[in-house]
Protein chains: 2
Amino acid sequence: MGTKGLSKELIVAEAIACIESTGQPGVSLHELARRLGVKTPSLYNHIKNTKELQYEVFRHAIEKFVVNQKAATLDKRKDDAVKAFAEAYHTFAVENKGLYRLIMSIPSEDDDRAKELAIPLLETVVEILSDYGLLEETIAHWQRVFRAILHGFISEEELGYFYYYRSIDLRKSREIAVQCFLDGLHAEIEKDTEMRLGESGQ
Amino acid sequence: MGTKGLSKELIVAEAIACIESTGQPGVSLHELARRLGVKTPSLYNHIKNTKELQYEVFRHAIEKFVVNQKAATLDKRKDDAVKAFAEAYHTFAVENKGLYRLIMSIPSEDDDRAKELAIPLLETVVEILSDYGLLEETIAHWQRVFRAILHGFISEEELGYFYYYRSIDLRKSREIAVQCFLDGLHAEIEKDTEMRLGESGQ
DNA sequence: TTGACAAACTAATAGTATTAGTTTTAGAAT
DNA sequence: ATTCTAAAACTAATACTATTAGTTTGTCAA
């Protein structure tokens, strides 16, 4: 047996540490091996390739993200939950830049496995929206809208596209966006209710 | 003089063609040289490095994007302009995947030059929102909200995060988002107007 | 104590970007 | 017409990436 006690878990842990400290969504195997005190090809005794490593780190990132979101919204309902979720989402993305960037870089085509892992990410939002008593389809739409707003904000922010009008408070922009979403959702609920009443009244 | 008549313009044009055909946000110099019938290092007689090449392609992408947006909204005002812009934005991103991905990958830190180029991207939105007669600051906020929604949508769509609930119409989700934005904007206008009346009445 | 297997290694390939230094050659000047 | 120059191509090399093949080493179990 080799003497350095390397393992998949150790490699993944080191990769996560690297990503967290650099804010980049990945690490090179060379750098990883250097940190672990082995030569690069030795890593291949424990991992299949960079894709598998990325998958493992991705799994960790998703889990951390979801746990964070659930904790932030556990004791909250409706608007309070939505607001808390938005806040937690933003904070996580800023504080875990590398992991968030990784989450937001799963390639669309390949990696059906990665897509599986991402499901809980949606479920958290769906659970919150379920409290409003909307139709399944309506929830699906508004969940998309909500997530698009949250990711769009982070994305434009990190990319520097909110760099313009620097003096204007970013947090306020975000709060406006979330309130805009909530107002739209409330209007939808009214429409939805009216429609149901109309249907039952026919 | 070398005989192949290579030039910066030719290289950039080929890079753009590559990016458009592959949908990737970049090309390798090797691939580029191969297509142009020269050896890789020859490219360095015309470009400084990949960063400069990327900058040039980025410039083209921004310009194409902006021209497209302006054309789509030229004869429209207020809500019509907003809706047309949203539609044009989405269509461009889907039809010019590679260029859009490039636009949405300028790194935040470096590349202040690239940031300069991106200004017209904001101006188009600001111009449209200016028609509503809002305060400068309010426009800045809502321009951020609008752009976040548009990019968020494209981004989640391309990433496959809207892959779930496949059966539910994506276009409708997008229309809901845009309408949600418009409703929020209209509410803001009312608030804004009330505030001004209140101020002048004091 | 020996033999097998896991885990490390070395050496090599192939793909990125990039630099240094050399050759070619078109076109201007003599 | 010949020669000179400078741009534009080249070759060769370095330094990164990931990855594979094949070899050695060391521990544990028979």
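Mentor: Chain A and chain B share 20 residue pairs in polar contact, both residues at pLDDT 80 or more. A polar contact is a pair of N or O atoms within 3.5 Å; within protein, one must be able to donate a hydrogen and the other to accept it, and residues adjacent in sequence count only if both atoms are side-chain atoms. This is a predicted model: local features need pLDDT of at least 70, side-chain atom pairs count only at pLDDT 80 or more, and totals for chains, interfaces and linings use all residues. Side-chain values use heavy atoms, without hydrogens and water; residues are numbered from 1 along each chain as its sequence is written, and chains are lettered from A in the order in which they are written.

Four salt bridges link chain A and chain B (a side-chain nitrogen of Lys or Arg within 4 Å of a carboxyl oxygen of Asp or Glu). One joins A:Lys172 to B:Glu137, with the closest N and O atoms 3.8 Å apart.

On chain A, α3 (50–73), α5 (97–103), α6 (112–130), α7 (136–159) and α8 (170–201) each supply at least two residues of the side that touches chain B. Helices here are DSSP runs (H or I, at least four residues), numbered from the N terminus. The largest share, 17 residues, comes from α7(A).

The two chains bury about 4300 Å² between them, 65% of it on carbon and sulfur atoms. Buried area is the accessible area (1.4 Å probe) lost on being put together, summed over both parts. A:Arg144, A:Tyr161 and A:Tyr164 supply 18% of the area that chain A buries against chain B, more than any other three residues.

Confidence: mean pLDDT (the predictor's confidence in each residue, from 0 to 100) is 91 for chain A. Among its elements, α8(A) has the lowest mean, 88.
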